[in-house]
Amino acid sequence: MSDNNPTQAPLLDIQDLQVNFHTRRGLVRAVRNLNLSINEGETLALVGESGCGKSVTAHAITRLVPMPPGDIASGSILFRGDNLLDLSEREMRTLRGSKISMIFQEPMTSLNPVFTIGTQIAEVFRTHTNMGKKEAFEKAVELLDLVKIPAPAKRAQSYPHQLSGGMRQRAMIAMALASPEPGLMIADEPTTALDVTIQAQILQLLSELKERVGMSILLITHDMGVVAETADRVAVMYAGRKVEDAPVEELFANPQHPYAAGLLGCQPSSPQNKGAHRLESIDGSVPDLLSIGEECPFSNRCPNASDRCRAGFPEKSEAGPNHAYWCHHPISNSGVAS
Amino acid sequence: MSPTETPLLEARGIRKHFTINDDRGPARTLKAVDGVDLSIQAGEIVGVVGESGCGKSILGKTILRLYEPNDGELLWKGEDLTAVSGPGLKAMRRDMQMIFQDPFSSLNPRKKVHQIISQPLRVHKLGAPSELTSRTEAVMREVGINPAYGRRYPHQFSGGQRQRIGIARALALEPEFVVCDEAVSALDVSIQAQILNLLLDLRDKHGFANLFISHDLAVVKFIAERIMVMYLGRIVEQASKNDLMAEPLHPYTRALLEAFPVADPSVRHKKKQIVVGDVPSPMDPPKGCHFHPRCPLASEKCRNEYPPLKEAAPGRLVACWAVNGE
């Protein structure tokens, strides 16, 4: 699934993306020099803690970064070869919800409370095709059935507040699929607000649908358990920078960046913590984004940090096929600087 | 747990019901906590795990009498806690503290940190002003906050540091019992690990008992010695951590464990048995065993009668007809 087939261009290819926010306190560099690609049919997990830039990246892809105060300072985002940053707002609007769709953490706030969910899903068809009202509604019911909402015809008549959190998230997913050719689904913390038994149902549904519809998923999450169960490949971000990018098994077995390793180590559910009396932890906290210069942003918390790390952000190194990291002092020194 | 020892805190048949009187028809009863037994020994960490609406937070607040229980007994070192009030209750509360989920709303934004932490000492009139300062600084050092920051306000700290301040406030009185209500749920995972380690270090040093309430099974499994699983107001299973993890008995516990994402991609292809359906509304729980509509083992009896919490194996309590038989 995640084999980087060199003959096939990636579905999404982000090159050197910089997103800044001009705030009253100064310039916040939320995403810095980001290169990221997603292949056809791949689930890429973008992982990191609050403020690392993972949601801003998603908003940049859909061009939903509020400008001002936001500013996509440089870079390109190629989707099937077209640079999304060059498209007009009108062209972008035809893409959103059809080829690129998004689901969010809190389905209650992303659904319109005054329309039934059937109407809201049908609206997507009506916006992107010239389907009639009745036909679009029937398609909406089909989609509700596809996302396994029981009694879909009846549920299509419900308003968002009449559904449970899990059902609302299913409705959101149905809406994201309401397109003749779904290409990329961006799922921003899709299960964070849900109970764990419901989370398992939604994750299973997403995996099934991905196979069935043949779409790619950009999964944004902070939960390494969710990553382990759903992703093909993982990109770890820290304070605006990508620090490691690897296939999922490879990252969990052989993390190179001390932050990626620390993030795995401090998860109570990770196998290495079985029977442990204390969790591995990363000392300190994420620095203020305003105060980060050219240094490695993790250098103030990193056990391996040296003057080199404080002098500048490292170049890309490779630990194996498709496994890249950005660190002067990786966990194992087998990596070859490129 | 030797049965001869008086538990630090014991609850018998605790019930907390709320009357919901809104404009959606006649008044209804929400049985948030519906007959829970619980006992905690000195220094023990007991985890309570369950999904939203299962009543775990209300349980935590009710045993501290932040909510008055509708029914049931609460014994603090063998003494009836429900009978005391006024100064007696205040004196008892010195030994019971709480750490909250949200480090933003649980600290007064208009007070400086040293005032927040020393407030409990002042409320209980412990120590002269000079002593207050030294005690406040000592407890700040213990939780890893530089005492020089005492004159700052809560908003000047990060979420993790604020949670440390909340812990310092709870520990200032050197309580014997602390309720942690989702104490690490709002924190990023690297900070969560710091706080969990800190709680364990402080427990080892001061020996307080801890009722650790969380929806996160991985966290509870890490920190607790004994685990209680709650579903719609009742305890469905209770066991030592090792027993529960080795072999969960109640179908709901099994479902929870199965649903929980494991941070290990090598086990993902094992086919999961995911429990179907939603958690029913606690306002209108299913008749009989509350879990029966989602349970793969449900029988006719489960649909009609709630199973009692019975000993299924030494030290293990389960409320399930399929496990306990008739």
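This is a predicted model: local features need pLDDT of at least 70, side-chain atom pairs count only at pLDDT 80 or more; totals for chains, interfaces and linings use all residues.

Student: What joins Met67(A) and Pro68(A)?

Tutor: Most peptide bonds are trans. Here, though, Met67(A) and Pro68(A) are linked by a cis peptide bond, with omega about -15 degrees. The bond from Pro68(A) to Pro69(A) is cis too, with omega near 5 degrees, and Pro69(A) belongs to the loop between H1 and E4 of chain A.

Student: And how do I read phi?

Tutor: Most residues other than glycine have a negative phi. Asn33(A) has a positive phi of about 45 degrees; that residue is in strand E2 (residues 26-38) of chain A and is partly exposed, at 35% relative accessible area. Arg80(A) also has a positive phi, near 45 degrees. Look for Arg80(A) in the loop between E4 and strand E5 (82-83) of chain A, partly exposed at 39%.

Student: Now the interface: how many residues of chain B are in contact with chain A?

Tutor: Count residues on each side, then check the area. 37 residues of chain B touch 43 of chain A, and the buried area is about 3,400 Å², with 55% from carbon and sulfur atoms. Val189(B), Ala263(B) and Arg268(B) supply 19% of what chain B buries there, more than any other three residues.

Student: Which residue forms a salt bridge with Asp204(B)?

Tutor: Arg278(A), with the closest N and O atoms 2.9 Å apart. The interface has two salt bridges and 16 residue pairs in polar contact. H6(B) gives the largest share of chain B's side, eleven residues.

Definitions and conventions: Residues are numbered from 1 along each chain as its sequence is written. Chains are lettered from A and ligands numbered from 1 in the order in which they are written. Side-chain values use heavy atoms; hydrogens and water are left out. Contact means heavy atoms within 4.5 Å. Buried area is the accessible area (1.4 Å probe) that two parts lose on being put together, summed over both. A salt bridge is a side-chain nitrogen of Lys or Arg within 4 Å of a carboxyl oxygen of Asp or Glu. A polar contact is a pair of N or O atoms within 3.5 Å; within protein, one must be able to donate a hydrogen and the other to accept it, and residues adjacent in sequence count only if both atoms are side-chain atoms. Helices (H or I, at least four residues) and strands (E, at least two) are DSSP runs, numbered from the N terminus. Buried means under 20% relative accessible area, exposed over 50%, partly exposed in between (1.4 Å probe, protein chains only).
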